[in-house]
Each structure stands twice: as C-alpha cells, then as structure tokens.
Amino acid sequence: MSERIVNIYEAKTNLSKLLKRVEEGEEVVIGRAGRPVARLCAYQPRRAPRTPGRLAGKVKMAPDFSDTPEWLIDAFEG
C-alpha cells in the first residue's frame with residue numbers, strides 16, 4: 001500500500017481536514033518536494049512504566065487454590 005504524501009502548503013491549508021482523518025485512524029505523511037518529512041498520527045498518551053511487585057503482600061491465595069475437584073477432572077477426562 002503506497003502512502004500519499006501531502007505537501008506542506010496543502011497540510012497548512014487543510015490542517016483541520018487532516019486532523020479529522022487522523023482522528024478516524026489514518027496516518028498522514030507530510031512532505032517537502034515530494035519527499036517524506038513527517039508523519040501526522042493520533043496522539044497516544046505515555047503510560048507510566050509497570051512496577052513489578054506493586055501488589056506484593058496484598059494478594060491472598062486460598063490454601064486449596066491448586067486443588068482440582070474430582071467432578072471437574074472427570075468432566076475433562078470423560
């Protein structure tokens with residue numbers, strides 16, 4: 001799939017229309033003299049990095065957590 005390059009003049013003139021296309025999920029390539037310079041795409045807010053162990057000591061497992069009832073074993077084995 002080839003990308004259509006929008007020149008800078010067209011991008012300045014039609015910025016609102018280009019933003020609408022971006023909001024609808026499209027990416028727009030902006031170029032100068034037919035060469036790609038920038039990509040206009042939807043804003044994705046930065047997410048905080050995950051912190052391993054945040055729930056340490058807060059999650060409790062029942063003592064019989066890993067015990068599988070016989071009726072369930074029979075249901076799978078037939």
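Mentor: We will go through the core, the surface, the backbone and the charged pairs in turn. Keep in mind that this is a predicted model.

Trainee: Okay, inside first. Which residues make up the largest nonpolar core?

Mentor: There are seven: Val6, Ala11, Leu18, Val22, Val28, Ile30 and Leu40.

Trainee: Which elements give two or more residues to this core?

Mentor: Helix H2, residues 15–23, and strand S2, residues 28–32. As background, nonpolar side chains in soluble globular proteins tend to be buried together.

Trainee: Take one of them, Val22. What does Val22 touch?

Mentor: Leaving out residues up to four places away in sequence, Val22 touches Val28, Leu40, Cys41 and Ala42. Val28 and Leu40 are core members too.

Trainee: Now the outside. Which residues form a nonpolar patch on the surface?

Mentor: Leu55, Val59, Met61 and Phe65 do, and together they have about 470 Å² of accessible area.

Trainee: Where is Met61, and is it buried or exposed?

Mentor: Met61 sits in the loop between strand S3 (35–40) and helix H3 (70–77). Its relative accessibility is 56%, so Met61 counts as exposed, the cut-off being over 50%.

Trainee: And H3 itself? How many of its eight residues are buried?

Mentor: Zero, so H3 lies largely in the open. Asp74 is one of the residues in H3. With 46% relative accessibility, Asp74 counts as partly exposed.

Trainee: How far apart are Asp74 and Arg39?

Mentor: In sequence, 35 residues; in space, 57 Å from C-alpha to C-alpha.

Trainee: Switching to the backbone. What happens just after H3?

Mentor: Gly78 comes there, and its phi is positive, about 85°.

Trainee: Which residue other than glycine has a positive phi?

Mentor: Ala33 is one, with phi near 55°. For comparison, most residues other than glycine have a negative phi.

Trainee: Where is Ala33 found?

Mentor: In the loop between S2 and S3. Ala33 counts as exposed because its relative accessibility is 76%, and the cut-off for exposed is over 50%.

Trainee: Last topic, charges. How many salt bridges are there?

Mentor: The count comes to four. In general, side chains of opposite charge can pair when their charged atoms come close.

Trainee: Let's do a few. What does Arg4 pair with?

Mentor: Arg4 forms a salt bridge with Glu10, and their closest N and O atoms are 2.8 Å apart. Arg4 is partly exposed at 48% relative accessibility, and Glu10 is partly exposed at 23%.

Trainee: And Glu24? Which side chain does it meet?

Mentor: Glu24 meets Lys20 in a salt bridge, at 3.4 Å from N to O. Glu24 has 58% relative accessibility, so it counts as exposed. Lys20 has 48% and counts as partly exposed.

Trainee: What about Glu26, which residue is its partner?

Mentor: Arg21, in a salt bridge with an N to O distance of 2.7 Å. Glu26 is partly exposed, with a relative accessible area of 35%.

Trainee: Why does Arg21 count as partly exposed, not buried?

Mentor: Because its relative accessibility is 25%, and buried means under 20%.

Conventions
Residues are numbered from 1 along each chain as its sequence is written. This is a predicted model: local features need pLDDT of at least 70, side-chain atom pairs count only at pLDDT 80 or more; totals for chains, interfaces and linings use all residues. Side-chain values use heavy atoms; hydrogens and water are left out. Patches are made of residues with over 30% relative accessible area and no salt bridge: like charges are joined within 9 Å, nonpolar side chains (Val, Leu, Ile, Met, Phe, Trp, Tyr) within 5 Å. Accessible areas come from the Shrake-Rupley method with a 1.4 Å probe; for residues, only the protein chains shown count as cover. Helices (H or I, at least four residues) and strands (E, at least two) are DSSP runs, numbered from the N terminus. Buried means under 20% relative accessible area, exposed over 50%, partly exposed in between (1.4 Å probe, protein chains only). A nonpolar core is a set of buried Ala, Val, Leu, Ile, Met, Phe, Trp, Tyr and Cys residues joined through side-chain atoms within 4.5 Å. Contact means heavy atoms within 4.5 Å.
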